[in-house]
Amino acid sequence: MPEIALQLDIAAPRDVVLAALTTHDGLTAWWTTGVDRDGDVLLFDFPDVPEPFRLRVERADRDRVVWTNAGSFPPHWAGTWISWELSDQPVAPDEPTASEPDRPAAPERTRLLFRHGGWQPGSEDGVPAVAGTWAELLVRLKDYAQSGKVQPYFVTGHHHDAP
């Protein structure tokens, strides 16, 4: 079975990246303005899509966030799961540290390993397009975590209460 896997290093503390993945304000800042919650299921609305994507939160802690598809839409996501693994990224040898008072310390960094797997037979044709969209989304997530700049990839007419 195919699996999308993307890794990036983000010049932001792990708690900032975690908040971008687990809070209403975080998710709407880089992914879609249409975010709602029904218990442990996140609902994501997108323009010109007939119903929200439904992703069940299976785990959300400092090390990993895991969602499983909990709906029938989109059909090619049936049985899939999404995992976000977070770890501290060590400071590079040439970067200043807090122990060097005459040089500003490098920001805390987070390594993010994103995976989207569980694609069922017959759904593989859609994986390259989904991978391309995830790559664009992860750039926005990184930019948001590093700068606080809100720039959702999808803007919908739906406005939901904060989860």
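Predicted model: local features only at pLDDT ≥ 70, side-chain atom pairs only at ≥ 80, totals over all residues.
## How the strands pair

Let's begin with the strands. Strand β3 (residues 41–45) runs antiparallel to strand β4 (residues 53–60), and 4 bridges join the two. To find this pairing in the structure, look for Val41, which stands opposite Arg56 in β4.

Strand β4 also pairs with strand β5 (residues 64–69), again in the antiparallel sense, through 5 bridges. Here Leu55 has Asn69 in β5 as its bridge partner. With 3 residues between them, β4 and β5 form a hairpin.

Now turn to strand β7 (residues 110–117). Strand β1 (residues 4–10) pairs with β7 over 7 bridges, and the two are antiparallel.

## The nonpolar core

Which residues have the most contacts inside the largest nonpolar core? They are Trp30, Trp31, Phe44, Trp67, Trp84 and Trp134, in a core of 37 residues. Helix α3 supplies the largest share of this core, with 8 residues.

Leaving out residues up to four places away in sequence, Trp30 touches, among others, Ala20, Leu21 and Trp84. Its contacts also include Leu137, Arg140, Leu141 and Tyr144, as well as Gln151, Pro152 and Tyr153.

## The largest pocket

The largest pocket has a volume of about 230 Å³. Its lining is made of 15 residues, and those nearest the centre are Phe46, Phe53, Trp77, Thr133 and Phe154. Helix α3 (residues 127–147) gives the most to this lining, with 5 residues.

What classes of residue line the largest pocket? There are 13 nonpolar and 2 polar residues in the lining, and no charged ones.

## Tyr153 and its contacts

Tyr153 sits in the segment after α3. Apart from its neighbours within four places in sequence, Tyr153 is in contact with Trp30 and Trp31, and also with Thr133, Glu136, Leu137 and Arg140.

Is Tyr153 buried, partly exposed or exposed? Tyr153 counts as partly exposed because its relative accessible area is 27%, and that class lies between the cut-offs of 20% and 50%.

## Two backbone details in the loops

The loop between β5 and β6 (81–88) holds Pro74. The peptide bond that leads from Phe73 to Pro74 is cis, and its omega is near -5°.

The loop between β3 and β4 has a detail of its own, for this is where Asp48 is found. The phi of Asp48 is near 60°, which is a positive value in a residue other than glycine. Why does Asp48 count as exposed? Its relative accessibility is 84%, and exposed means over 50%.

Conventions:
Residues numbered from 1 in each chain as written. Heavy atoms only, no water. 1 Å grid on protein atoms, 1.4 Å probe; cavity = no way out; pocket = protein on both sides within 12 Å on 5 of 7 lines; lining within 4 Å. Points joined across faces, edges and corners; volume = space filled by probe spheres on them. Nonpolar A, V, L, I, M, F, W, Y, C, P; charged D, E, K, R; others polar. Pairing = 2+ DSSP bridges. Core = buried A, V, L, I, M, F, W, Y, C linked by side-chain atoms within 4.5 Å. Buried < 20%, exposed > 50% of the residue type's maximum accessible area, 1.4 Å probe, protein only. Contact = heavy atoms within 4.5 Å.
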